[in-house]
Amino acid sequence: MTAIVQPDRRHIALWGVALAAPNALYLTLVLLIPLGMVATYSFFTYSTTGVALPVLTIANYAKLGDPYFLRLIGRTVGIAVKTTIICIFLGYPLAYALARARPTLATLGFFLLLTPLMVSPVVRAIGWFVLLDRNGLVNSVLMYFGADRQELLFNEPAVLLGLSHLLLPFMVLPLVASIERIPPNVEEAARNLGAGGLGVFRKVILPLSLPGLVSGAVLVYVEAASAFVLPALLGGRFVRMIGNEVFDALLVSYNIPQASMLTVMLIVLTIGVLGTGLALSRRGTVGRSAP
Amino acid sequence: MTLGSKSLAAAVVGIYGFILLPLIVVVGVSFNTSSRFDFPPEGLSLRWYHSLFDQPSFLHAFLNVSVAAGLVTAVVATLLGGLAAVALVRFRFPGRGFLEAFFLTPLVVPHILLGAALYLYFARLRLSASFATLVISHILIATPYVVRNVFAGLVGLDPRIEEAAVNLGASRFRAFLLVALPQLRSSLVSSIVFAFIVSFSDINVALFVSGPETTTLPVYLFSQIQWQSDPSVAAASTIQIVLVALVVAGLQKVFRARIGI
Amino acid sequence: MPTDRVPDLRVEGLVKRYAPQVSIGPISFEVYPGEYLSLLGPSGCGKTTTLRCIAGFEDLTEGAIYLSDVRLDRQPAHKRNVGLVFQNYALFPHLDVYENVAFGLRLARIGRREIERKVRAMLELVGLIDVSQRMPSQLSGGQQQRVAIARAVVMEPRVILFDEPLSNLDLKLRLQMRRELRDLQRRLGKTTIYVTHDQTEALALSDRIAVLSHGQIEQIGTPREIYERPASAFVADFIGTANLVKGVVIGTANGRLTIEVGRGLRLIADWQGAVPRGSVLLMLRPERIRFDLPQADAIENRFSGTLGDITYLGEDLSLAVHVDGGLELMVTAKSDARNRALTPGAKLELSAASADLHVLSS
């Protein structure tokens, strides 16, 4: 590949290990061990003193049978899936436009996409909060047209709105990368053979940008399922997701084992999807010749 | 642009409107003369910006915590991640493929999970929330971006140019310093900036690992909007928006390239 | 062939094994002071690998390389002082022309004034003194190549290596650069090893050519020797175009062989040395076959044929001829008015000198 080829000499390999070691060590100490701890704590017993009693139990997981938690998981997955779908619909036009735009226009487009992305989620939630408030802009517009004042906040649509707004760039960026790989003259060939706009999308863009789509969808889903700040601000008590539950269990009720269990559940719900997504994208690219 | 250009253009403009609307609202609200969250603002005033500078907690969160943590994170993450990327690209050793995936793991683990796990971890180690715990956590989430960035930069280098340097008398190491490093300038700078922004904007992790003395700006905003709402929140948010916009535009100008995520 | 001079570079039994079944070599050759040797062959023949072994970017599995009788292959690449000009020049993109050329000198800790003197002299030599402040991206392809050469030559290496430097250029530029290269090499008098897959280039530039195929040297010789007396069918076919005809030796007399080809056609070829037995391969270059020689002129081989296909090549015509006696030959003729009037089916009287028929043992 790119290494200046001085074939396998051991002392050179050692240099490689030495350079990678600090980060590997860091990740082990700060990622693996904490995550391992969480998994362990999920099997411990709730304790009012100290972190948790090291008495193994599955009581925490048994709680999952409780309708409250079942609804919680269902709501979380539901919101995550719906957010993903919204982002797909909004993301494709944007991604296509960015992929095919002139460089100056593309730079502007990315600027307008990246800046909101890099601004904290809190700021964006505040914006929606103001917009959807009882006295906010949306209500003012609605009332101007004679409709009633609506309660636009603290319900699922508000959370969906906020989340899809937040996560749209996560869908757009991988899609753009994928669409850019499609040579423009493949689209032209399709048109030449009689395909209209939608046809070109269905027959050319969609199948060829599948890797980017899967990538983006997985990203959006994972982030949406684990969302916390947005549901807290825009959903309040009425739209609680697993993330909110984890926060409360951890920092409010100090129920460490329960929080750990929920964290593990979240990992299952998200990484499980990730793994499927990865497997899907791999199968999709096998047998496809490189562009 | 094809695919029914007009309808596509209209859709794109609409979607961008959707994207920018909340931010525009926040900026607009910050200029309110009244203490209500009116949008469009009733009048224009800078009073809420002035009031920010009278709030020591804001200044503390902004400068002492967020900016400071961002800078430390940026430097350490770039060092850790840069060295790791060099190891992955330029050397062969057992476990390299595994490390390639391992180093990128924090990117796929949702931040809230990391936050919760780190909270437990620090509690178990009896470390109370401090600047150190905050920075340690931020380095964790920022380094993978650096690894990916520098990795891509290294892979894009022409190995023949370093061979030319070796041919002219430079050892492999000196060739890397004199030839490869200068060409990695854009990767390294964008890595530092990225790491800073990841740290500066993070909330999901900071909520768990920051304490009363180490409230980051986003956490500060979060509690402000929930408990004490006046447009100074919007003013603080606007400052953040402007800062980020300047950084993104600056990077784009300098490198004429997109910043990948 | 200079046999009394001491070679600057000697490659002995070089073998490079990539995988259990994949290797090149053994390769051996010598390059003499001031000589321009080309390593010529198709992609994958091992010429670039050999060059990189000399430069030190690949290790030898077996064999040795000597630079002025000092063992070279044991030394690390950055200590060898063999100049290398890369295919895409590999200029340092972040340094201007002056700094590119000065790079190696700075590494060698040569004094600043000395560096300046040498760099300026070299830039004058290659005609780039006016653009010394420019960055590589602001230079034309030809200028970039001159920087690459200057950078290597200023180090005063014993040997300069070229790795297909002209293959990325379009035809006109390539021809122009080829002339400049030859001029430069003559002026500098540096021992040069030049890797290329372009046989016209090798013929035009080299003092000697080593033709490689599948990791082995098929033949080393002057351009003329390679062209007129190829040692194998591969060399005959790789350099220029060749008619290769199977035949049987049926007689020998006065340093000539009589060979029967096709159905009873007899051709006479010059030959020296032991008479090959049995079947042989006969090579005849298309441009050496004439069809307009008056009957009175003496020539060893005459035969007749019918014209098949004619291809117009601008300067020349390529004629496919069905020779009586069951042969197909390609004949190259000048594209003059008379030849252009030829039509398929025309009867032709062909002739070829025995010196132009070259025998390759089968």
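The model is predicted: local features need pLDDT of at least 70, side-chain atom pairs count only at pLDDT 80 or more, and totals for chains, interfaces and linings use all residues. Residues are numbered from 1 along each chain as its sequence is written, while chains are lettered from A and ligands numbered from 1 in the order in which they are written.

**Chain A.** Chain A holds 13 helices and zero strands, where helices (H or I, at least four residues) and strands (E, at least two) are DSSP runs numbered from the N terminus. Along the principal axes, its C-alpha atoms fill a box of roughly 80 × 70 × 30 Å. Of the 291 residues in chain A, 44% are buried; a residue is buried if 20 or more other C-beta atoms lie within 10 Å of its own, exposed if 12 or fewer, and partly exposed in between, with C-beta atoms placed from the backbone. Two residues are in contact if their C-beta atoms, placed from the backbone, lie within 7 Å. Among contacts in chain A between residues at least 6 apart in sequence, 70% join residues at least 24 apart.

**Contacts between chains.** Chain A contributes 78 residues and chain B 80 residues to their contact. On the side of chain A, helix H1 (residues 10-41) gives the most, with 20 residues. The contact of chain C with chain B takes 17 residues from chain C and 15 residues from chain B. Here helix H2 (residues 97-107) of chain C gives the most to the side of chain C, with three residues. The table lists residue classes, in which Ala, Val, Leu, Ile, Met, Phe, Trp, Tyr, Cys and Pro count as nonpolar, Asp, Glu, Lys and Arg as charged, and the others, Gly among them, as polar.

| Side | Nonpolar | Polar | Charged |
|---|---|---|---|
| Chain C, touching chain B | 12 residues | four residues | one residue |

**Helix H12 of chain B.** Helix H12 (residues 217-227) of chain B is largely enclosed by the rest of the structure, because eight of its 11 residues are buried. Among them are B:Tyr220, B:Phe222 and B:Gln224.

**Domains of chain C.** The domain assignment, automatic or from a database, gives domain 1 (9-238) and domain 2 (243-361) of chain C. Their C-alpha centres lie 39 Å apart. Domain 1 brings seven residues and domain 2 five residues to their contact. Helix H8 (residues 233-238) of chain C supplies the largest share of the domain 1 side, three residues.
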